[in-house]
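Student: Please pick one part and take me through it closely. Then connect it to its surroundings.

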Amino acid sequence: LRDLGIGLVGTGFMGRAHVFGYVTAARAFRLPVSFRLEMVADATEALAEDARAVLGFSRATADWRALVEDPAVDVVDITAPNALHHEIAMAAVAAGKHVYCEKPLAPTHREAQEMADAAERAGVVTQVGFNYLANPIISLAREMIAGGELGEVTTYRGIHAEDYMADPATPASFRTEPVGGGVLADLGSHALATAEFLLGPIAGVMGHCRTLIPERPGPGGAPVPVAVDDVTHAFLRFSSGAVGTIEANWCATGRTMQHDFELYGPKGGITFTQERLNELHVFKAEGPRARRGFRKIEAGPSHPPYGRFCPAPGHQLGFNDLKAVEIANYARAIAGETPEPFGFRAGARIQGLVEAIRRSSDEGAWVNTETL
Ligand SMILES: NC(=O)c1ccc[n+]([C@@H]2O[C@H](COP(=O)([O-])OP(=O)(O)OC[C@H]3O[C@@H](n4cnc5c(N)ncnc54)[C@H](O)[C@@H]3O)[C@@H](O)[C@H]2O)c1
């Protein structure tokens with residue numbers, strides 16, 4: 001069993017979710033590697049030390065560079081704000097470390113591509129945190145589509161809507177940075193990753209990005225201008241011939257986790273909402289019309305790897321379990337058993353789609369994304 005020293009940078013919402021993922025993955029799965037929570041970095045000594053004590057790391061630092069260079073760290077795990085992803089990841093790759101980085105991979109497509117190029121040259125294994133793709137019920141949807149159970153899928157509607165920026169009193173943060181911020185990069189990246197996971201490459205986009213709240217409280221409380229998108233819609237044209245839309249919205253008052261999709265083919269349709277992430281609703285155009293309707297498939301042990309968490313159907317996986325599945329897949333890739341599940345190259349493509357949608361919104365024209 002290869003022992004991997006984990007070096008975590010950032011210990012907020014995602015930093016904690018990653019730690020829960022390591023702990024659960026090591027116990028739920030028979031993995032070819034083990035995880036050692038070696039070192040944690042945050043912006044200050046106090047934050048890092050508190051995280052060390054609570055999350056169970058051996059050492060803490062306020063200097064992420066020390067963590068990246070530390071010989072006992074094998075995997076650099078980046079859950080710091082978006083603007084830091086590129087610099088930390090490039091340093092980690094240069095030090096020969098495997099890198100697990102949260103989405104969006106980098107503030108710009110160019111930087112994301114640089115990260116993918118560097119990782120490929122160094123031969124390290126990478127992973128980007130598009131955790132919704134680790135949900136077994138979404139894999140079931142993909143299997144049903146690929147198996148032709150709905151006929152050729154013709155239409156797709158994806159959405160990722162939450163309300164954490166809906167209040168104009170919510171302060172500016174790394175999420176509203178002029179470069180790399182905005183709801184399309186933050187939430188739309190998830191909607192795009194799910195759309196391509198299900199239906200394959202997006203060949204063209206036509207976007208409409210809008211700022212709804214042009215000023216928010218800055219660090220001292222005084223208002224600062226905000227120019228990034230609060231809501232973005234995009235038309236999509238898939239290489240398969242399917243057409244569709246996505247919406248990214250962080251001002252959707254009342255919505256907490258609407259990472260949803262609907263898709264349709266001549267033989268059936270599927271709907272999914274992350275607010276009920278253990279259910280897939282499937283319609284089949286079969287049997288007498290009077291008996292037709294959407295039926296609910298509940299996640300259970302027949303949808304691997306659900307059974308690694310619980311032997312009973314209907315008891316439900318949670319958000320942090322998806323991180324455990326993502327981490328288990330990453331561990332197998334590091335051990336060389338499987339290809340990279342969703343590495344930097346894939347993450348860079350998503351950032352390319354984000355920029356293409358922005359550009360199409362600015363130019364008022366479709367942008368071709370076949371060659372991203
Ligand atoms: N995959 C998902 O579903 C998902 C969900 C939420 C956030 N994210 C991503 O995770 C990343 C972090 O988001 P979050 O919600 O956890 O934010 P957060 O604000 O909760 O956490 C960020 C952490 O980084 C730390 N930090 C800031 N500057 C640092 C520095 N110089 N060195 C080390 N640490 C530093 C902060 O102190 C904090 O602990 C973002 O890239 C975000 O897009 C992904």
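**Gln-258 and beyond**

Tutor: The side chain of Gln-258 makes a polar contact with the side chain of Arg-255, at 3.3 Å. A polar contact is a pair of N or O atoms within 3.5 Å; within protein, one atom must be able to donate a hydrogen and the other to accept it, and residues adjacent in sequence count only if both atoms are side-chain atoms. The side chain of Gln-258 also makes a polar contact with the side chain of Asp-260, again listed at 3.3 Å.

A word on the source. This is a predicted model, in which local features need pLDDT of at least 70, side-chain atom pairs count only at pLDDT 80 or more, and totals for chains, interfaces and linings use all residues. Residues are numbered from 1 along each chain as its sequence is written, and side-chain values use heavy atoms, with hydrogens and water left out.

Gln-258 sits in strand S13, residues 258-265. Strands (E, at least two residues) and helices (H or I, at least four) are DSSP runs, numbered from the N terminus. Is Gln-258 buried or exposed? It counts as buried, because its relative accessibility is 13%. Buried means under 20% relative accessible area, exposed over 50%, and partly exposed in between, with a 1.4 Å probe and protein chains only.

Now step back to the whole chain. It has 10 helices and 17 strands. Of its 372 residues, 56% count as buried. Along its principal axes, the C-alpha trace spans about 65 × 50 × 40 Å. A compact globule of 372 residues would have a radius of gyration near 21 Å; the chain has 21 Å, so the two agree. That radius is taken over C-alpha atoms, and the globule rule is 2.2 Å times the number of residues to the power 0.38.

Next, the ligand. It is surrounded by 28 residues, and the closest are Met-14, Asp-42, Asn-82, Lys-103 and Asn-131. A residue is near a molecule if one of its heavy atoms lies within 4 Å of it. By class, this shell has 13 nonpolar, 9 polar and 6 charged residues. Ala, Val, Leu, Ile, Met, Phe, Trp, Tyr, Cys and Pro count as nonpolar, Asp, Glu, Lys and Arg as charged, and the others, Gly among them, as polar.

Which atoms approach the ligand's oxygens? A backbone N or O atom of Thr-11 lies 3.1 Å from one of its oxygen atoms. For a backbone N or O atom of Phe-13, the distance to a ligand oxygen is 3.0 Å. A polar side-chain atom of Asp-42 lies 2.5 Å from an oxygen of the ligand. The protein covers 82% of the 830 Å² of accessible area that the ligand has on its own. Such areas come from the Shrake-Rupley method with a 1.4 Å probe; for residues, only the protein chains shown count as cover. H4 gives the largest share, 3 residues.

Look at H9 on its own. Its 16 residues reach 23 Å from first C-alpha to last, close to the 22 Å expected at 1.5 Å a residue. The expected span is 1.5 Å times one less than the number of residues. H9 is largely enclosed by the rest of the structure, because 13 of its 16 residues are buried. After H9 comes Gly-336, whose phi is positive, near 85°. Gln-316 lies in the loop between H8 and H9. Gln-316 is not a glycine, yet its phi is positive, at about 80°. At 49% relative accessibility, Gln-316 counts as partly exposed.

H1 also holds Arg-27. Arg-27 counts as exposed, because its relative accessibility is 66%. Its side chain reaches the backbone oxygen of Val-23 at 3.2 Å.

Two prolines end the tour. The peptide bond from Lys-103 to Pro-104 is cis, with omega near -15°. Pro-104 lies in the loop between strand S5 (98-101) and helix H5 (109-122). A cis peptide bond also joins Pro-304 and Pro-305, with omega about 5°. Pro-305 lies in the loop between strand S16 (295-298) and helix H8 (306-309).
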